[in-house]
Amino acid sequence: MVAPSPYSLIATDLDGTLLRDDDTLSERSLAALARAGRAGARHLVVTGRPAPRVRPLLDDLGCTGLAVCGQGAQVYDAGADRLLWSVTLDRELAETALGKIEAEVGQVYAAVDQDGVDGLTLIEPGYLMPHPTLPALRVARRDDLWCAPISKVLLRHHTLSDDELAATARSVVGSLATVTMSGPGTVELQPCGVTKATGLALAAGHLGLSPGQAIAFGDMPNDIPMFEWAAHGVAMANAHPELKALADEITASNEDDGIAVVLERLFD
């Protein structure tokens, strides 16, 4: 019999956390999550990826429940293939925010994730996808990015580091949007006030679970709100220093099954 654990909710980021660097799931991680599930714990994926880009991974996880997508802007019901909740980023505000950023740092290259379960990822000329395995549609010009409602904007700069670009964006964007950094080459603008904790709180409430019952795993600064919400935050060995500084615990890297290492201990 699996021993009781103080955590009934396991919230995991995907990229750099649950996923290995080649975007695959290890058998050890899958087995550890399954063992926790048999003990009654619920697993929630909490990711920056939009719902359409998460669906295949949820299939691999055997997940037919909820997932938090789009940096918290979407709560997705995998079994019904529908959004229980979503919030969009006003496109005029997004354009204004981009203009303010470019006034400070020069040209940036942008992409957007469209809202909805079938929303596309659109990229403007010059933008390079940080995850080449994810599908994206290249458009002819920036104006084409705004053809439909969006959940977020992704930004890249040809010389600035992610930390530098994110810091500058935060200093000039103000209340136009929330600025996050979710991975190498991934600085994002999302609706003001929306974070991973926003979506996680909504999904947990739907399941009747509270922060005190939650353990969260992540690797980047966009996971900070999730760590602040959950009772226990676990940073991967490969995590950004800003997240490690706030973590309650540091585990092995995503390549070394860091989530499984913790879950095997908790659900011994």
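Which exposed residues does the face of α2 turned away from its buried side carry? I looked this up in a predicted model, and found E27 and R38 on that face.

**Helix α2, length.** I checked the span next. α2 runs over residues 27-38, twelve residues in all, and at 1.5 Å a residue it should span 16 Å.

I then listed the buried residues of α2: S29, A32, L33 and A36. Looking down the helix axis, I see these buried residues fall within an arc of 95 degrees, so they line one face of α2.

What do the buried residues of α2 pack against? I noted two strands, β1 (9-12) and β2 (42-45), along with the helices α1 (14-18), α3 (51-61) and α9 (258-266).

**Positive phi without glycine.** I also looked at two aspartates. D23 sits in the loop between α1 and α2, and its phi is positive at about 70 degrees although D23 is not a glycine. Buried or exposed? I put D23 down as buried, because its relative accessibility is 18% and the cut-off for buried is under 20%.

D81 is also not a glycine, yet has a positive phi of about 50 degrees. I found D81 in the loop between β4 (74-77) and β5 (82-86). At 33% relative accessibility, I logged D81 as partly exposed.

Technical notes:
Residues are numbered from 1 along each chain as its sequence is written. This is a predicted model: local features need pLDDT of at least 70, side-chain atom pairs count only at pLDDT 80 or more; totals for chains, interfaces and linings use all residues. Side-chain values use heavy atoms; hydrogens and water are left out. Helices (H or I, at least four residues) and strands (E, at least two) are DSSP runs, numbered from the N terminus. The expected span of a helix is 1.5 Å times one less than its number of residues. Buried means under 20% relative accessible area, exposed over 50%, partly exposed in between (1.4 Å probe, protein chains only). The arc is that of the directions from the helix axis to the C-beta atoms. Contact means heavy atoms within 4.5 Å.
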